[in-house]
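Dear colleague,

Please find it below, followed by an account of what was found in it.

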Amino acid sequence: MKIKTIFTLCPSLILSVLLSVPSYASEPAEDPLSSVMWDYNRQIFLGDTPYVFDDRVRVGVPDFAEDPTQVPVDVDASAFAGDIQRIVAWADLNPIQHIFTYYPHPDVVPKVSLRIKVQQSTPVRAAVLTKDGVWHVGGNLLAASGGGCTTPSVGNADPYWESHLGETKSRVFQLADASRYKFRVIHPMDTGLVGSIPEFFIQQVELRDTRGSALVRMELSPPVSENPVITFDVAKQDTKHHLWLRDNNGNEFEKAL
Amino acid sequence: MSKFATGKGFAVTALVAAMSLSGMANAGVTDKDILNDQMTTGDVVSNGLGPRGQRYSPLTAVNTDTVQDLKAVWSFSFGGEKQRGQESQPMVKDGVMYVTGSYSRVFAVDVKTGDELWQYDARLPDGIMPCCDVINRGVALYGDLVIFGTLDAKLVALDKTTGKVKWKKKVGDYKAGYSLTAAPIVVKGKVITGVSGGEFGIVGKVEAYDAKTGKIAWTRPTVEGHMGYIWKDGKKVENGISGGKAGQTWPGDLWKTGGAATWLGGTYDPEVDLLFFGTGNPAPWNSHLRPGDNLFSSSRLAIDPDTGKIAWHFQTTPNDGWDFDGVNELISFDYKDGGKTVKAAATADRNGFMYVLNRENGDFIRGFPFVDEISWAKGLDKKGRPIYVDENRPGNPADSKDGKKGKAIRAVPSFLGGKNWMPMAFSQDTGLFYVPSNEWAMDIWNEPVSYKKGAAYLGAGFTISSLNDDYIGVLRAMDPKTGKEVWRYKNYAPLWGGVLATAGNLVFMGNPEGYLMAFDAKNGEMKYKFNTGSGIVGSPITWEMDGEQYVSVVSGWGGAVPLWGGEVAKRVKHLNQGGSVWTFKLPK
């Protein structure tokens, strides 16, 4: 559908699409991670849109997930900076596959780091939809002993979160060409897969400038770890930023960075 | 295509927003729908089947001749491990039922099939403090929103199609004992709610919020001395102290933690344009600590829905010492007296008396007992004030030798009331009120107590006992013009569910034994019963779809009886918990 739209609206793009992605429709590429869930998840997250496996989408995972409830994952799509519609990340073998969807502004370095829960060893994927309507899919295998999604949140055993929900700690690091924002927010991020504990998680994250427009827009799913730690890189700017969060119960949190 | 593949780009979002806006104009619940709810039999969009709360339906297909053929068409389980008291009244609109379950859960169910459309589970902190089970009594509908209150004292508006949160507002601090259990009501575009927490020394209040946006419109404290506020152009403006000033009917500082929780919600009469909210016990229970009438505890308040000002009040138990909350629903109705129409309203109080008031000004018309025995008052005076039996007030601990326990007395009714939360019904055909009531007594004594945030603030000890071996519950048909009981149905366990009257000459109610029952409205003959598998403590509804009349009721034993029931618990401890909604109709 997207390809069709491009044909009718911008004939000049036809050529580039044809040149750069000549073979998707006829012969789907083989999943480099040989996952039994590839086709299933591709349908859910990419639909019928053309895709390529592309090493330039880098997904960093540890050698082994020592704590399956807190696995650091980095997604780096800086090779496509300025050319991105959105990034979707998922873990093939998690009971809830979707991890996040990320909508970067052109002023943002399209890199994000966060921690996730995993239920067993699984491919972790990131797919970058570029402006020409093609998905670039990267991924990596994560080895884990598992159980991360069906373990009650630590917060569940301790009422600390109840009086500190949404409290955020943040730091700004100055890099050579960017500012790195790292924040941690108190939230149980319950998956709803543990008996008697309903799904309760931060669903929307926005990094906003002083005028309120979003530099980064993220949609999270419950596999993001309890008390999420998320890092964004923003191209150097003079303006101040603040963080806006909303969970699926409708609680909203704001924090100046 | 899946939601991820199509994405949530700006164009799509705008399109969806446009669609839902046009949908609101066509299909959403309007103020008019709510006002006409009683006569529009195709839906149920208000708590009480109409803002007056009469719980009367003009439907006649299910009647005394046909009701024995009533058959269950589906049953929907609330699931989970959270099977506690289910006191909800379902709502039905455009083929979807909206019903709440214990632990602040909301379900949307396809009424044709019983299929779940969506479910919303509020994530509750462990520190919630419901006094009397983790129940919820139902939602309010407005526009494309489904609005309900949570046990951590939040008002939440959900999208009727997706179940996603549209807005959420904090009504009270759950750590101070506030919670929400009643169904909010919508009047003139405002969603209006009370609060629970009278056992924790909260200050009762009634609050109005813009139903579409959740912005607060006004707040009215129900304890004398507290300032009310109204929001004008987003600014909070003082709107008069409830009762004029502090210290008139309360000693010292006790009004600051005075209770008077508005925990059962309210009704509205468009004719006199007033909200009617009942208020609970003054805090603490030990009445010797707070000599005076303790306004506006154990009262009915008439409140202007536009300004939040108190138009009139009627106090049923001044200086309450028995936990006789005055929260019971005040139901507006008209009757003829010598050719003249009387704009009346009736309420059956926890204290055992039923009152008929002039709903324009709150004047007392008449009052009479609706239970067999009342020990604490000899009767009512001309203004409806109880004539106390002084020796039947629990004694002052200060008079005892060690100052630790006052003289215990045996009082009737018990603190759970001649009638508790379960709403009665008024039939426009028989002119009778159908009052679910209980016959029980209590031993009660006072103890010293001081206020501590988030701790029980009672200053009393108590046990409860039954008056009769063969029954506690009594469903009564009461004539509001004479105070006479026309018929009664006796039930072994205490009754704890709401009543529904229909033009089919029927009265429906459930019992803790699990039966949905239907009675002949004129003589009380039981015409139908069906066991739903767990105790019924919810309120039945009826509506019409595709030319057929449906009846629905929520099943799931719980509420305050098994928690506080004392000796009475023996009669109910074998009853099993549940959590489901049953729907019935006649075979074609």
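**The surroundings of B:Glu199**

Leaving out residues up to four places away in sequence, B:Glu199 touches B:Cys131, B:Ala456, B:Tyr457 and B:Leu458. Please note that this is a predicted model. B:Glu199 lies in a loop of chain B, which runs between strand E12 (190–193) and strand E13 (205–210).

**The annotated binding site**

In an unreviewed UniProt entry, the annotation "binding site" covers B:Glu199, B:Asn281 and B:Asp323. These residues span 125 residues in sequence, but no two of their C-alpha atoms are more than 9.6 Å apart, and they therefore gather at one spot.

B:Asp323, another residue with this annotation, is likewise found in a loop of chain B, here between strand E20 (310–315) and strand E21 (331–337). B:Asp323 counts as buried because it has 25 C-beta neighbours inside 10 Å. Which residues does B:Asp323 contact, if its neighbours within four places in sequence are left aside? They are B:Asn281, B:Trp285 and B:Phe415. One of these contacts, B:Asn281, carries the "binding site" annotation as well.

**Two sheets of chain B**

Two open sheets in chain B may be described in turn. One of them consists of 3 strands in the order E27-E30-E31, with antiparallel pairing. Its edges are formed by strand E27 (409–411) and strand E31 (460–466); each has a single partner strand, so one side of each is left without a neighbour in the sheet. From one strand to the next, the twist averages 25°. Within this sheet, strand E30 (residues 440–446) of chain B is joined to E31(B) by 7 bridges, and the two run antiparallel. B:Trp440 has B:Ser466 in E31(B) as its bridge partner.

The other sheet has 4 strands, arranged E3-E4-E5-E6 in chain B; it too is open, and its pairing is antiparallel. Strand E3 (91–93) and strand E6 (116–121) of chain B are the edge strands, each pairing on one side only. If direction is ignored, neighbouring strands of this sheet are turned by 15° against each other on average. E3(B) and strand E4 (residues 96–101) of chain B run antiparallel and are joined by 3 bridges. Opposite B:Met91 stands B:Tyr98 in E4(B).

**Chain A and the interface**

Chain A has 257 residues, of which 39% count as buried. Its secondary structure comprises 4 helices and 15 strands. Among the contacts in chain A with a separation of 6 or more, 70% are between residues 24 or more positions apart.

How many residues of chain B are in contact with chain A? There are 18, and they meet 21 residues of chain A. On the chain B side, the elements that give two or more residues are helix H1 (3–6) and strand E10 (165–170). E10(B) gives the most, with 3 residues. By type, the residues on this side of chain B divide into 8 nonpolar, 4 polar and 6 charged.

Yours sincerely

Key: Residues are numbered from 1 along each chain as its sequence is written. Chains are lettered from A and ligands numbered from 1 in the order in which they are written. This is a predicted model: local features need pLDDT of at least 70, side-chain atom pairs count only at pLDDT 80 or more; totals for chains, interfaces and linings use all residues. Two residues are in contact if their C-beta atoms, placed from the backbone, lie within 7 Å. Ala, Val, Leu, Ile, Met, Phe, Trp, Tyr, Cys and Pro count as nonpolar, Asp, Glu, Lys and Arg as charged, and the others, Gly among them, as polar. A residue is buried if 20 or more other C-beta atoms lie within 10 Å of its own, exposed if 12 or fewer, and partly exposed in between; C-beta atoms are placed from the backbone. UniProt positions are given in the numbering used here, feature names are shortened, and annotations may be inferred rather than shown by experiment. Two strands pair if DSSP finds at least two bridges between them. Axes are lines fitted to C-alpha atoms, for helices over the stretch in contact, and angles run from 0 to 180 degrees between N-to-C directions.
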